[in-house]
Amino acid sequence: MNHKQYEKWILDDSPLSAEESELLKNHLASCSVCQKLNEGWQKSLQGIHSADQHVPTAGFTARWQVKLQQEQRKRTIVRRRIIVFSSLFFLLLSLIAYILLSGSFASFLANLITLTTQIILFITKGLSELTMLINGVPSIVRWSLGIFMIGVANMFIILLTYIIWKARKNHREQQEAPAYAEE
Amino acid sequence: MDTSFAEAECVKQVLEGNEDAFTAIVEHFQIPVYNLCYRMLGTPQEAEDAAQESFIRAYRYIRRYDSSRPFATWLLSIAAHYCIDQQRKRHLLSVDLDEIMEFGIMDDSPDPEKVVTTGEQNELIQKNLAALPVKDRMVLILKYWYDFSEDEISDALEITKSAVKSRLHRARQHMAEQWNSEENDISRKEGRQHEPQAI
């Protein structure tokens with residue numbers, strides 16, 4: 001009989017008939033290769049059946065809950081970004097549609113430049129009037145205000161640094177991996 | 001696995017928006033999912049990450065679960081696919097072949113000789129599993145650790161039943177040969193130990 005057939009009988013789960021079992025038994029008695037294969041598989045099977053179940057460390061469910069919350073937060077952020085970018089894209093498309101439908105791209109451009117120039121002129125005028133106003137104030141008041149403003153700016157920088165440091169600390173704590181060691 | 005666990009009720013509650021019901025599912029299935037991941041990936045850390053991710057995916061895609069099938073089969077198939085993906089990624093990163101062959105064995109793993117002779121076959125089985133091709137390994141794990149039928153394996157891994165059979169056959173052959181090769185190594189070591197020391 002084909003040698004492969006014996007290999008199949010040794011390795012496959014299908015039950016053998018009495019005649020097939022006898023044939024296999026006789027073959028194993030004479031063929032060292034098949035005998036070795038049979039022994040190797042039977043021992044492996046025994047090892048598989050006696051193998052321990054690996055279990056996670058205590059707190060697996062709690063760690064999963066934390067991970068789920070992080071995932072949900074990430075998904076919310078992604079969803080918000082998609083909404084913002086979609087809105088911006090929609091606005092851009094509307095603008096292009098307006099330009100195309102209004103008929104004249106040149107007039108739209110001219111209007112845009114005029115509007116921008118007017119805004120710049122308004123800001124410049126406002127700034128020069130502010131300078132004139134400041135010059136009318138006594139110098140002692142100006143110096144006091146200046147020093148006070150420097151103090152406020154410094155406080156603002158310190159506050160901003162603290163907020164960034166706190167946010168980074170919180171982020172690091174959330175990212176810290178749980179203990180994994182098994183058993 | 002405890003069959004008295006009311007998984008259908010839990011799934012129903014999750015679908016109604018009760019997140020705590022899924023926590024009960026995680027609590028109940030954590031060991032089989034973790035064990036599957038450990039058998040596939042070989043280290044506690046990777047097994048933990050894979051098991052966590054499998055539960056996240058199950059939670060996210062729970063609406064796709066077909067209640068006519070056992071929940072455990074569906075959940076384990078998610079874990080199986082995730083582990084296979086992880087193995088493929090590992091392969092793409094061109095990890096040294098020797099590392100793959102030995103990834104299941106910790107640095108402090110006992111000598112193979114000691115493993116066999118003391119009956120602690122667990123590490124040897126894990127090492128032999130690690131040497132199998134990814135899908136062959138998964139088929140063997142589902143068959144012998146989770147008692148999946150060939151049809152269930154075929155469903156879970158989305159491969160044909162004949163592919164399951166041929167993979168199982170190949171995996172068994174590989175395991176048997178690996179076992180014999182380990183035994184030969186041990187015999188050679190023993191032979192060397194009994195040789196008289198050259199002066």
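Guide: Begin with axes: an axis is a line fitted to C-alpha atoms, for helices over the stretch in contact, and the angle between two axes runs from 0 to 180 degrees between N-to-C directions. Note also that this model is predicted.

Visitor: At what angle do the axes of α1(B) and α2(B) cross?

Guide: In chain B, helix α1 (residues 7-15) and α2(B) cross at roughly 145°, and their axes come within 7 Å. The crossing is left-handed.

Visitor: Which residues make that contact?

Guide: From α1(B) come B:Glu7, B:Cys10, B:Gln13 and B:Val14, while α2(B) supplies B:Ala21, B:Phe22, B:Ala24 and B:Ile25. Sorted by class, the contact has 6 nonpolar, 1 polar and 1 charged residues.

Visitor: How does one read the end-to-end span of a helix?

Guide: The expected span is 1.5 Å times one less than the number of residues. Helix α2 of chain B covers residues 19-41, which is 23 residues, and a straight helix would reach 33 Å. The end C-alpha atoms of α2(B) are only 29 Å apart.

Visitor: Where in α2(B) does the kink lie?

Guide: The kink, about 60°, is at B:Phe29, shortly before the proline B:Pro32. Just after α2(B) comes B:Gly42, whose phi is positive, about 90°.

Visitor: What percentage of each chain counts as buried?

Guide: A residue is buried if 20 or more other C-beta atoms lie within 10 Å of its own. By that count, 7% of the 183 residues of chain A are buried. For chain B, with 199 residues, the figure is 36%.

Visitor: And how does one read contacts by their separation in sequence?

Guide: Take the contacts between residues at least 6 apart in sequence, and ask what share joins residues at least 24 apart. In chain A that share is 50%. In chain B, it is 63%.

Visitor: How many residues does each chain give to the contact between them?

Guide: Chain A gives 28 residues and chain B gives 31 residues. On the side of chain A, the elements that give two or more residues are α3 (32-50) and α4 (60-102). The largest share of that side, 9 residues, comes from α3(A).

Visitor: What is that side of chain A made of, by class?

Guide: The side of chain A that touches chain B has 12 nonpolar, 8 polar and 8 charged residues.

Note on methods: Residues numbered from 1 in each chain as written. Chains lettered and ligands numbered in written order. Predicted model: local features only at pLDDT ≥ 70, side-chain atom pairs only at ≥ 80, totals over all residues. Helix = DSSP H or I, 4+ residues; strand = E, 2+ residues; numbered from the N terminus. Bend = angle between axes of the 7 residues up to and from the residue. Left-handed = near helix turned anticlockwise from the far one by under 90°. Contact = placed C-beta atoms within 7 Å. Nonpolar A, V, L, I, M, F, W, Y, C, P; charged D, E, K, R; others polar. Buried ≥ 20, exposed ≤ 12 C-beta atoms within 10 Å, placed from the backbone.
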